[in-house]
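Me: I'm new to this one and would like to talk through its charged pairs. Here it is.

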Amino acid sequence: QLQLVESGGGLVQPGGSLRLSCAASGFTSDYYAIGWFRQAPGKEREGVSCIRSSDGSTYYADSVKGRFTISRDKAKNTVYLQMNSLKPEDTAVYYCAVQSLPSIMATVCKSFHPFKSWGQGTQVTVSS
């Protein structure tokens with residue numbers, strides 16, 4: 001059973017930084033993709049970033065390119081999202097999600113879909 005736990009959220013001023021962590025467990029395959037998503041009040045959930053375990057390929061939404069960096073620590077079974085130059089519009093609950101089907105690893109990060117297992121989310125608030 002795949003389980004994901006997000007952490008690292010909090011309150012930060014505009015221009016500040018946070019690092020989110022997504023700790024994963026219960027994998028039955030060495031192939032996986034982990035995506036970061038966010039949902040702000042009154043808005044739809046959107047894909048933010050994604051990383052593929054096989055080659056470390058990374059993907060970013062246009063809204064966060066140049067500011068956010070996704071990375072992984074295989075030994076710790078953890079994926080990180082380093083968020084710099086934060087803006088008030090980055091305020092949202094951030095979720096990580098996993099996909100482990102090898103047959104769709106080539107496309108799942110580009111499309112941010114489908115992801116079936118989700119963490120509980122961590123709140124990020126950017127405010128002065």
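Me: Are D90 and R38 buried or exposed?
Reply: Both D90 and R38 are buried, where buried means under 20% relative accessible area, exposed means over 50%, and partly exposed is in between (1.4 Å probe, protein chains only). This is a predicted model, in which local features need pLDDT of at least 70 and side-chain atom pairs count only at pLDDT 80 or more, while totals for chains, interfaces and linings use all residues. Residues are numbered from 1 along each chain as its sequence is written, and side-chain values use heavy atoms, with hydrogens and water left out.

Me: What do D90 and R38 form, and how far apart are the closest N and O atoms?
Reply: They form a salt bridge with the closest N and O atoms 2.8 Å apart, the term meaning a side-chain nitrogen of Lys or Arg within 4 Å of a carboxyl oxygen of Asp or Glu. D90 lies in the loop between β8 (78–83) and β9 (92–99) and R38 in strand β4 (residues 33–39), so the pair ties together parts that are 52 residues apart in sequence; strands (E, at least two residues) are DSSP runs, numbered from the N terminus.

Me: Which residues are linked with them in a network?
Reply: The network of salt bridges links R38 and D90 with E46 and R67.

Me: Changing topic, how many salt bridges does the structure hold?
Reply: There are five, including one between R52 and D55 at 2.8 Å, N to O. R52 is buried at 12% relative accessible area, whereas D55 is partly exposed at 46%.

Me: And what about K65, which residue is its salt bridge with?
Reply: K65 pairs with D62, the closest N and O atoms being 3.1 Å apart; K65 counts as partly exposed at 49%, and D62 is exposed at 66%.

Methods
Helix = DSSP H or I, 4+ residues; strand = E, 2+ residues; numbered from the N terminus.
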